[in-house]
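Please look over the structure below.

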Amino acid sequence: MPKGSDIVLSCLRAEGVEVVFGYPGGAVIPLYDALKDSGIRHVLSRHEQGAVFAAEGYSRVTGKVGVAFATSGPGATNLITGIANAKLDSVPLVCITGQVRNTLIGSDAFQEVDVLGITLSLTKWSRLVRNVEEIPAVIAEGFYWARSGRPGPVVIDIPGDIFRTQSEFSGPVKFTPKRASSCCAKDSGLFLRLVDLLNNANKPVALIGGGAKASGAIAPLRSLLDTLQVPTCATIHGLGAVDFAKDYYLGMVGMHGTRQANLATHDTDLLLVFGARLDDRVTGEPSRFAPDAKIVHFDIDPAQLDRVRGCELAVLGDLANTIPAFHLALESAKLPEWSEWLSLVTHADRATPDSGNSEPTVKFLDELYKRLPENSIVVTDVGQQQMWAAQRYRSANPRGFVTSGGLGSMGFGLPSAVGAQIAKPDSTVLCISGDGGFQMNIQELATIRRLNLPVKLVIIDNKYLGMVRQWQQLFYNRNYAETDLSDNPDFVEVAKAYRIPAQRIGLDAIAGSSISRETADLFTNFLQSSEPELLVFDCHPEANVFPMVPAGASLSEMLTEDQ
Amino acid sequence: MKTYHVRYRNTQGTLIRILTAVQRRTIDLPFVHAEQDGEQHVVTLALEMNAKQTEQVCRDWRAIVDVEEVSISDGIVNACNASDVATNFVRRASAQAGAKA
Ligand SMILES: Cc1ncc(C[n+]2csc(CCOP(=O)(O)OP(=O)(O)O)c2C)c(N)n1
């Protein structure tokens, strides 16, 4: 008769799981014991946060559910940041944690924590399994909720003795929800009202968020935008959803968005939002966001509608259904011409001033980006380098830009690049980190080395916690309190200790109007190598990211470099 | 003050998720009562919320996987019933405490 652990793994297989990321410990030894015959590949991280971020990286580039294993107590608590990250960025994730054995629950046993309690506000759904018979139903339901609607994290906590208990097992089961998912997209009157709003709009703008990718609606979205021909911008998670070459595409919107995107979003009278939560990094001061606009919000999650600003019309449902339905409704409509509005918002005087692009790090990233093969994946950490990487991103690969947007969690880059590379072994994975964030999960260099993952690691080394230092410079009178990292370790030597080839280049390598042949070769070889490799770029310590919308300001009140 | 009724499947954590949607907005919870109602459970909450908070909290409740229905009724009548329930509960609890002693 199979044991609980065999049943767990069979059910994971039935859900299509091929890889799990994790870290063993007492409560999950039986689960690890059963792995060898399961057909599931386990990737050993060097910290549970590394495991959960790797599972997210895997999920973000494939759209599949990411799976992480951890033991009870500290193993489970080390997953928390990753679970929060998955919640805010709508990443389907299933975490399986070991728990102390059933009879010890509630006794403050060794390595006992109330995992369910701790994660309640972060998870979409969670269960503490109380007997071996319920495992198939719990796993089926957990995967269902992780994937369905707005995807998100699920925790399944399993006491150690349940893994060891033998039980009859008649195979994995399917879960059917009792509650039908809510969707009002079938209401054709809704789209007629929307067409009406468009007909009366003089300055429409479309804003694309990560929901468009999560729902797999990229093709219908692109086709809709081609029909509409309205100025379009994207949140950081919307990057790659729209082809950068389109005349109507203005780039990223928000705190470090392009001037054109921010000004158009500020000036619009009708904002069509597709799958974006509209957090304050996107809106600037929420009460002054798109002040003259009526908002039409397409989203699958009812909890997002009206959260920030009341919307004129809410189109609740899967974008893969609602966008084509909207497009269909447009067929018989005669829409106004918005070409004048489009040429106004794309006019050069609204572009980010050239000086905003003179930052050497921008040039460094541009040189790397232009050598990246198509369908490469760019993974970032959090901070200035994340914003530069996002501002310069030009690919139309919808799952090609991986970043911690909602939680903004430093330490995300390196481990999620591990997951991305495992999911896409033939793609180039470029991981861009700051010198601060790189050190938050630096231990995952060991994972990269052991698996010989050819991740291309870049550290933008400004010897500061750069983004915080930028705020201190601009708003705290240059009081660089506790952001100095000038005594960083030598990252090249650190990488070499992990047997990962590494080199450092300075500002001089990219000075001048074009880079030297030698530097060009260095970049090409770096990106083409079949080995993991680290490139440290010594950036100017006080380089800043512009444009910048200061906290509390509206999107029209951007600081630019020349100010 | 209005009375909110949230009907839910009494699965692990669902009641706490319902309460957390209120508490994370630092809205006071002067009265909460949960009980079984047929195959489901209903939690009744008396809350002072403005229109925006009401919309947000109700949406958050509806987004909880095991929540089946959310309804709002006029506060006064229900709050009175609610305080009856609350007093009974306190009496019962103290009677038990007395019995033990
Ligand atoms: C886990 C975590 N701790 C703290 C922060 C706050 N924070 C945001 S950006 C930043 C600086 C990041 O510095 P670095 O990694 O060197 O990147 P840079 O900004 O210099 O590119 C900090 C401390 C955070 N986002 N995440």
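How far is an oxygen atom of the ligand from a polar backbone atom of Gly437(A)? The distance is 2.7 Å. Keep in mind that this is a predicted model.

## Ligand contacts

In Gln385(A), a side-chain N or O atom sits 2.7 Å from a ligand oxygen. In Asp435(A), a polar side-chain atom is 3.1 Å from an oxygen atom of the ligand.

On its own, the ligand has 570 Å² of accessible area. The protein covers 77% of that area.

## The shell around the ligand

Three elements of chain A each give two or more residues to the shell: α17, α19 (435-438) and α21 (466-475). The shell counts 17 residues around the ligand. Those that come nearest are Gln384(A), Gln385(A), Gly408(A), Gly437(A) and Gly466(A).

What is the make-up of the shell by class? It has 9 polar residues, 7 nonpolar and 1 charged.

## The second largest pocket

The second largest pocket has a volume of about 360 Å³. Two elements of chain A give two or more residues to its lining: β9 (249-252) and α17 (384-392). Of the elements, β9(A) gives the most, with 4 residues. Helix α17 of chain A also gives two or more residues to the shell around the ligand.

The lining holds 22 residues. Nearest the pocket centre are Thr258(A), Thr352(A), Gln391(A), Arg392(A) and Arg394(A). By class, 11 lining residues are nonpolar, 9 are polar and 2 are charged.

## Backbone geometry

Two spots in the backbone deserve a look. The peptide bond that joins Phe546(A) and Pro547(A) is cis, with omega about -5°. Pro547(A) falls in the segment after β18 (533-538) of chain A.

The other spot is Asp108(A). Its phi is near 55°, a positive value in a residue other than glycine.

Key. Residues are numbered from 1 along each chain as its sequence is written. Chains are lettered from A and ligands numbered from 1 in the order in which they are written. This is a predicted model: local features need pLDDT of at least 70, side-chain atom pairs count only at pLDDT 80 or more; totals for chains, interfaces and linings use all residues. Side-chain values use heavy atoms; hydrogens and water are left out. On a 1 Å grid over the protein atoms alone, a cavity is a set of points where a 1.4 Å probe fits but cannot get out, and a pocket is an open set with protein on both sides within 12 Å along at least five of seven lines; lining residues have an atom within 4 Å of a point. Grid points are joined across faces, edges and corners, and a volume is the space filled by probe spheres set on the points. Ala, Val, Leu, Ile, Met, Phe, Trp, Tyr, Cys and Pro count as nonpolar, Asp, Glu, Lys and Arg as charged, and the others, Gly among them, as polar. A residue is near a molecule or strand if one of its heavy atoms lies within 4 Å of it. A polar contact is a pair of N or O atoms within 3.5 Å; within protein, one must be able to donate a hydrogen and the other to accept it, and residues adjacent in sequence count only if both atoms are side-chain atoms. Accessible areas come from the Shrake-Rupley method with a 1.4 Å probe; for residues, only the protein chains shown count as cover.
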